[in-house]
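Subject: Structure handover

Hello,

Here is the structure I promised to pass on. Please open it first, then read my notes below.

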Amino acid sequence: MFYHTKRLQYFTPPTNPDAVYAKKVQELIGGVFGEMTVMMQYLFQGWNCRGPAKYRDMLLDIGTEEIGHVEMLATMIAHLLDKAPIKYQEDGAKDPVVGAVMGGINPRDVITAAMNPQHAIVSGGGATPSDSVGFPWNGRFIVASGNLLADFRSNLHAESQGLVQAVRLFEMTDDPGVKDTLSFMIARDTMHQNQWLAAIEDLQREGFEGTVVPKVAHEYGKNEFAYQFWNNSEGTQSAEGRWAKGPSIDGKGEFQYVENPEPLGTEPHPPQPDPRLHGTPKDPALQQQGNGASAPPLVERTTVIGE
């Protein structure tokens, strides 16, 4: 059961409307690393968690917190759009695109810098479940594999990228209300990065996983190649890194720098296409000819019991 409290987690309203900035804030809601992504990612990881109860509880705690972050940002966008559509409609009458062309400016830059028309047309001055260029939020953005260490590393990645974007947006505005609200969210994302690092440490300390996920990979892999760094581009500066020499991070091997890696396989010779697929084979004689004869069906009919 979810229970909604009407008070926001934290919020300071913007001082002035700013429809262009509202468009940018959409990235923090519906972008790949936006709050909708981490909200759904943590909730599904929690709902699917089969591990110790503390991990499930923690995931549902933070997932529910992220619902509140979406609400905060949606409220901010509503304030930023307050009275702004009318202003931008009046400015539109001056035809800024034509002015840009006559002034030698790329019209695309003017259009990109304008407000999101969907804020006026579709949502009536409210936020949408989309990113800053109007691309709808997609469930494929989320990661919930059932392996907690793999998932927690994805969570750390998501929070790191999301915080980079929040800091950039913080630096793109002088509005004290917006900066105050974003400052709270930046602090929470700081906690969340520390949280995932702590959770990763906790999982490994309890013996659930090693450095490499999953544990069984070391049993299945050709381990003579497991710790080689291959220099696959010009230059050898990569040899100076920690990954090129010394004991491996998982403690199971020694890093080796391979300066001139050689291919280990043969030249590929793909099998020839089935003539019924009408692909292009090596030899024209192998291609099905239209001689009027009926070719055997590509997919044979399946007999259903009872026919």
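Predicted model: local features only at pLDDT ≥ 70, side-chain atom pairs only at ≥ 80, totals over all residues.

The crossing of H8 and H9 is left-handed. H8 covers residues 148-170, and H9 covers residues 176-205. Their axes come within 9 Å and cross at roughly 160°. Angles over 145 degrees count as roughly antiparallel. H8 and H9 are therefore roughly antiparallel to each other. Two numbers carry this description: packed helices are described by the angle between their axes and the distance between the axes.

Now the overall layout. The protein chain has 10 helices and 3 strands. Going from the N terminus, the order of elements is α-α-α-α-α-α-α-α-α-α-β-β-β. The chain holds 307 residues, and buried residues make up 31% of them.

Next, the charged pairs. Side chains of opposite charge can pair when their charged atoms come close. How many salt bridges does the count come to? It comes to 6.

Start with Lys54 and Asp202. Their side chains meet in a salt bridge, at 2.7 Å from N to O. Lys54 lies in helix H3 (residues 53-81) and Asp202 in helix H9, so this pair ties together parts that are 148 residues apart in sequence. Are the two partners buried or exposed? Lys54 is partly exposed, because its relative accessible area is 40%. Asp202 has a relative accessible area of 15%, so it counts as buried. The cut-off for buried is under 20%.

Lys54 has another partner, Glu206. The side chains of Lys54 and Glu206 meet in a salt bridge at 2.4 Å, N to O. This pair also links distant parts of the chain: Lys54 sits in helix H3, Glu206 in the loop between H9 and H10, 152 residues apart. Glu206 counts as partly exposed, with 41% relative accessibility.

Then look at Glu201 and Arg205. They form a salt bridge, with the closest N and O atoms 3.7 Å apart. Both residues lie in helix H9. They are 4 residues apart, about one turn of the helix. Glu201 is exposed, and Arg205 is exposed too. Salt bridges that share partners join Lys54, Glu201, Asp202, Arg205 and Glu206 into one network.

Which residues make the nonpolar surface patch of about 360 Å²? They are Phe2, Phe44, Trp47 and Ile67. Phe44 is found in helix H2, which spans residues 35-47. Phe44 is partly exposed, since its relative accessible area is 33%.

Two backbone details remain. A cis peptide bond joins Val213 and Pro214, with omega at about -10°. Pro214 lies in the loop between H9 and helix H10 (217-220).

The other detail is His278. This residue has a positive phi of about 60°, although it is not a glycine. Where does His278 lie? It lies in the segment after strand E3 (254-258). His278 is exposed, because its relative accessible area is 56%, and the cut-off for exposed is over 50%.

If you have time for one view, take helix H9. It crosses H8 within 9 Å, axis to axis. It also holds Asp202, a salt-bridge partner of Lys54 in H3.

Best wishes

Technical notes:
Residues numbered from 1 in each chain as written. Heavy atoms only, no water. Patch = residues over 30% accessible without salt bridge, like charges linked within 9 Å, V, L, I, M, F, W, Y side chains within 5 Å. Areas by Shrake-Rupley, 256 points an atom, 1.4 Å probe, with all protein chains shown as cover. Salt bridge = Lys/Arg side-chain N within 4 Å of Asp/Glu carboxyl O. Helix = DSSP H or I, 4+ residues; strand = E, 2+ residues; numbered from the N terminus. Buried < 20%, exposed > 50% of the residue type's maximum accessible area, 1.4 Å probe, protein only. Axes fitted to C-alpha atoms, helices over the stretch in contact; angles between N-to-C directions. Parallel < 35°, antiparallel > 145°, perpendicular 65-115°, else oblique. Left-handed = near helix turned anticlockwise from the far one by under 90°.
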